[in-house]
Amino acid sequence: MTPKGPLRTAVIIGSTREGRVGESIGRWFAARAELRDDLAVSVLDLADYAFPCCFPAVATPAMRAFSRAVAGAEAFAVVTPEYNRSFPASLKQAIDFAYDEWQAKPVGFVSYGSGSDGFYAIEQLRTVFVGLHTVTVRDGVGIDLLGGGVDDGGTPYDTDERSLAVTTMLDQLLWWGLALRAARATRPFAS
């Protein structure tokens, strides 16, 4: 039997740097997603997890908590900066703490950067998530930090173009999320 109800969607804030704008951007995006009644949104801010600096032989409580949160979600919106034409190590570390929990679920991206909207980070993240057997949606939300895309607090400006990008990405995430929810209920994913 296929589960019903809003699609459980986790917004993952991938930067842990002090002074980051990722939290403002992530909370802004989550607030837009929460306006929809077809999504149940939670925020997973990596800065809130006390992850170990080295990958231990036995998972820590923070690692287990993050993996449980990933397991409980049915779709993901990853908020990532672009650092040196890639995504942050904090995000890769967290992604690697789970494996089966990601499988057969859709992933969308909200990226930001200085001049590139963070698109180089997304290019690399798509490869990582394909390796985890997810479906990455085509459209995303990009924010140029140099082009006046955010206010002094790091919150993105609401423009018609940006609102359309958010709606388009969430529509794609919902479609894939519901399709994959039904597929997982019919037949367990085999990797």
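1. Contact here means heavy atoms within 4.5 Å. Helices (H or I, at least four residues) and strands (E, at least two) are DSSP runs, numbered from the N terminus. The model is a predicted one, in which local features need pLDDT of at least 70 and side-chain atom pairs count only at pLDDT 80 or more, while totals for chains, interfaces and linings use all residues. Residues are numbered from 1 along each chain as its sequence is written, and side-chain values use heavy atoms, with hydrogens and water left out.

2. Helix α1 covers residues 22–33. Its 12 residues should span 16 Å at 1.5 Å a residue, and the end C-alpha atoms are 16 Å apart, which agrees; the expected span is 1.5 Å times one less than the number of residues. Buried means under 20% relative accessible area, exposed over 50%, and partly exposed in between (1.4 Å probe, protein chains only). The buried residues of α1 are Gly22, Ile25, Gly26, Trp28, Phe29, Ala30 and Ala33. Their cover includes β1, β2 (39–45), β3, β4, β6 and α5.

3. Helix α4 (residues 119–131) has 13 residues, which should span 18 Å at 1.5 Å a residue; the distance between its end C-alpha atoms is 19 Å, which agrees. Ala121, Ile122, Leu125, Val128 and Phe129 are buried in α4. Among the elements that cover them are β3 (75–81), α3 (89–96), β4 (106–113) and β5 (135–136). Just after α4, His133 has a positive phi of about 65°.

4. A nonpolar core is a set of buried Ala, Val, Leu, Ile, Met, Phe, Trp, Tyr and Cys residues joined through side-chain atoms within 4.5 Å. The largest such core has 28 residues, of which Phe51, Phe66, Trp102 and Phe129 touch the most other members. At least two residues of this core come from each of β1 (7–13), α2 (61–72), β3, α3, β4 and α4. The most come from α4, with 5 residues. Phe51 touches Leu46, Ala62, Met63, Phe66, Gln93, Ala94 and Phe97, leaving out residues up to four places away in sequence. A second, separate core has 23 residues, including Leu7, Val79, Val166 and Leu174.

5. Is Thr80 buried or exposed? Thr80, in strand β3, counts as buried because its relative accessibility is 0%. Not counting residues up to four places away in sequence, Thr80 touches Phe87, Pro88, Leu91, Val110, Ser111, Tyr112, Ala121 and Leu125.

6. Arg138 is in the loop between β5 and β6 and is exposed, at 67% relative accessible area. Apart from neighbours within four places in sequence, Arg138 is in contact with Arg126 and Gln172. Arg138 and Phe109 are 29 residues apart in sequence, and their C-alpha atoms are 9.1 Å apart in space.

7. A pocket is found on a 1 Å grid over the protein atoms alone, as an open set of points where a 1.4 Å probe fits, with protein on both sides within 12 Å along at least five of seven lines; lining residues have an atom within 4 Å of a point. The largest pocket has a volume of about 150 Å³. Its lining is made of Asp117, Phe119, Gly140, Val141, Gly142, Thr159, Glu161, Arg162 and Ala165. Two or more of these residues come from each of β6 (141–144) and α5 (160–186), and α5 gives the most, with 3 residues.

Definitions and conventions: Points joined across faces, edges and corners; volume = space filled by probe spheres on them.
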